[in-house]
Amino acid sequence: MITNQTITYRKMTLEDIDQILLIEEEAFATPWTREAFEHEMTTNLYSHYIVAETETKEIVGYCGMWIVMDESHITNVAVSERMRGLKIGEGLMREAIRVVLEQDVVLMTLEVRVTNDIAKNLYYKLGFQDGGIRKNYYTDTQEDALVMWVEFK
C-alpha cells in the first residue's frame, strides 16, 4: 500500500485504459472491456472520466459519469484493491461533483449494490439520498441496486 504519496485527480485519457482495466478486473465480477472504455472516451459525447493518480503516475482509481444537460449519472467508480480505505473513492466522487458543478448540473444519480454498505455510506456522507430499488439490476448475481441521488441547487 502506498500511503506517503500525494494523490491527484485529472481527466482520463486513452493512454490510461490499460491501468483502468487492471482495476476493473479487481473490482468487478463483470468488468468493462477495453472497447467499452474506448467508446466512452472517443464516441460518447456525454461521458467524462476522472482518474486518481499517484506521484509515480500509477492510476489507483477512476470515476466515470455522463453529463446530459443539467443532470449527471455516475456510471462506475473503482479503486485499486491495495489502495482501498485511503479515501481515494471519496476524492474521486468529490472531484466528479466539482466537475459537474462547473457545468451547472443540478442533479446527480447512481446505482449501488444494496449490500455495498461502504459505498452507500460514502454517498450518504456526500449528500446522496435513497431514490428507489432496481430489481435484479446486477447481471452477475441478480442483486438489486439502490438508486441514489443528490440535488445541488
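Which residues does L110 touch, not counting residues up to four places away in sequence? In this predicted model, local features need pLDDT of at least 70 and side-chain atom pairs count only at pLDDT 80 or more, whereas totals for chains, interfaces and linings use all residues. Residues are numbered from 1 along each chain as its sequence is written, and side-chain values use heavy atoms, with hydrogens and water left out.

With contact taken as heavy atoms within 4.5 Å, L110 touches H73, I74, M93, Y123, F128, L146, V147 and M148. L110 belongs to the largest nonpolar core, which has 28 residues. Such a core is a set of buried Ala, Val, Leu, Ile, Met, Phe, Trp, Tyr and Cys residues joined through side-chain atoms within 4.5 Å; buried denotes under 20% relative accessible area, with a 1.4 Å probe and protein chains only. Among the members that touch the most others are M65, I74, M93 and L110. Two or more residues come from each of β2, β3, β4, α3, β5, α4 and β7 (145-151), and α3 gives the most, with 7 residues. Apart from this core lies another, of 11 residues, including I20, Y49, V51 and I59.

Helices (H or I, at least four residues) and strands (E, at least two) are DSSP runs, numbered from the N terminus. Helix α3 comprises residues 88-102 and reaches 21 Å from its first C-alpha to its last, close to the 21 Å expected at 1.5 Å a residue, the expected span being 1.5 Å times one less than the number of residues. Of its 15 residues, 11 are buried, among them L92, M93 and I97. The cover over the buried residues of α3 includes β1 (8-11), β5 (107-113) and α4 (117-125).

Key: Buried means under 20% relative accessible area, exposed over 50%, partly exposed in between (1.4 Å probe, protein chains only).
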